[in-house]
Amino acid sequence: YRRKGGIMQKKHRNGLIYLSAFILAEIIMICILKAGRFYPFGTKSMLIMDMKDQYVEFLASLRSIFRGESSVFFSWSRSMGGDFIGVFAYYIASPLSFLTVLFPVSKMPVAVEVLTVLKIGLCSLTFSVYALYLSNKYQGRLRWAVLIPSVCYAFMSYTMVYSLSVMWLDGVILLPLILMGLEKIFDGAKGLLYVVCLTLLFISNYYVGYMVGIFTGIYFLIRICSEYSKEEISREVLRLKRFVICSLVSIAMAAPILLCALKDLMVGKLSEGYTSYNPESGTNFVFPLFFTKFLHGKYDSITNSGLPAVYCGFLMLGLAVVYLFLKQIKWREKLGMVAVLCLLTVSFYLIRLDRVWHGFQYPN
């Protein structure tokens, strides 16, 4: 009975941490909106650039789909009418998008704002779940300290700069849970959490799901190299088998929408006659300038004319250095994490490698 009471108390404490991570991010985001004089504190809205020109119209179309007035397979909103599944799969397939049907079309700017604020809070929530799991795994004592990286994760420059592409934020929300699912596979679980979250991401947005899939494979390699032991090679083979099977199951479960999206892409960006911009240079920017993006307030552009949005807070940079000196972390894991940071940096810099992360297409 005492053990059961202790478990319940622990779950209650964890729940308070999760709730605090979510509410804290929501409060900060509302304060940002108030400081920027966004609705309802002013006259500004989040409808800028592509959100204003495209995405809000797609979100509004969910109302007609929900009412049965149109279909995800055909819509008159595409030129003279046509297949709508590609647009649906890329822009509005996220389950969270359906919250916008609760708002009238005239209030769609408010719906977009509510959706964005909610997703920012969920980013903090899911990261706190992942961080607390790792904290327990490595016997961390400062449990409430996970609120710091959770909030920093939710408000890193990527989520702020690309919040106009609200469909991409689902990847930021689900990534911590996907990595937690991988950690559970290493701890002996069969991979249910990993399968469910990765499938949900593929359905929500296959574009970011593709990138997360690559990163997940790299993360798995780092973990298996850090845990590898000749004496327990059968254990590593089992982990690899579960990872591969779970990944294939996720793709198979998301296949109905992925195949429809692929068919739509084959007559678009992946068609033989499609031509996209090909830069003359082999690099995206002057390399030393990359490190200036770790400073506060260094926004330039959301296009490739700007530098990558990598700011996550000075505190996180300091803690990243501290991580390298933690004795309970194996040196092979530290080396792997440094290697993946170098790989990501080079991927930002070299155009050919950058294209691999974007489905072998040069992004805008």
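User: How much space lies in the second largest pocket?
Analyst: The model is a predicted one. The lining of the second largest pocket divides into 12 nonpolar residues, three polar and no charged. The space in this pocket comes to about 370 Å³.

User: Of the residues that line the second largest pocket, which are the closest to its centre?
Analyst: The second largest pocket has about 370 Å³ of space. It is lined by 15 residues, and those closest to its centre are Phe 38, Ile 48, Met 160, Val 161 and Ser 163.

User: Which element gives the most residues to the lining of the second largest pocket?
Analyst: Two elements give two or more residues to the lining of the second largest pocket, α1 (2–35) and α6 (157–161). With three residues, the one that gives the most is α1.

User: Which residues line the largest cavity?
Analyst: About 30 Å³ of space lies in the largest cavity. By class its lining has five nonpolar, one polar and two charged residues. The lining is made up of Val 161, Tyr 162, Lys 293, Tyr 299, Asp 300, Ser 301, Leu 307 and Ala 309.

User: Is Arg 37 buried or exposed?
Analyst: Arg 37 lies in the loop between α1 and α2. Its phi is positive, about 60°, although the residue is not a glycine. Most residues other than glycine have a negative phi. Because the relative accessibility of Arg 37 is 54% and the cut-off is over 50%, Arg 37 counts as exposed.

User: What is omega at the cis peptide bond between Tyr 39 and Pro 40?
Analyst: Pro 40 is found in the loop between α1 and α2 (49–67). Most peptide bonds are trans. The bond that joins Tyr 39 and Pro 40 is cis, with omega of about 5°.

User: Which elements do the buried residues of α12 pack against?
Analyst: Helix α12 (residues 331–349) has 19 residues and reaches 27 Å from its first C-alpha to its last, close to the 27 Å expected. Its buried residues include Glu 333, Lys 334, Gly 336 and Val 340. The buried residues of α12 pack against α9 (206–227), α11 (314–323) and α13 (351–357).

How values were computed:
Residues numbered from 1 in each chain as written. Predicted model: local features only at pLDDT ≥ 70, side-chain atom pairs only at ≥ 80, totals over all residues. Heavy atoms only, no water. Helix = DSSP H or I, 4+ residues; strand = E, 2+ residues; numbered from the N terminus. Expected span 1.5 Å × (residues − 1). Buried < 20%, exposed > 50% of the residue type's maximum accessible area, 1.4 Å probe, protein only. Contact = heavy atoms within 4.5 Å. 1 Å grid on protein atoms, 1.4 Å probe; cavity = no way out; pocket = protein on both sides within 12 Å on 5 of 7 lines; lining within 4 Å. Points joined across faces, edges and corners; volume = space filled by probe spheres on them. Nonpolar A, V, L, I, M, F, W, Y, C, P; charged D, E, K, R; others polar.
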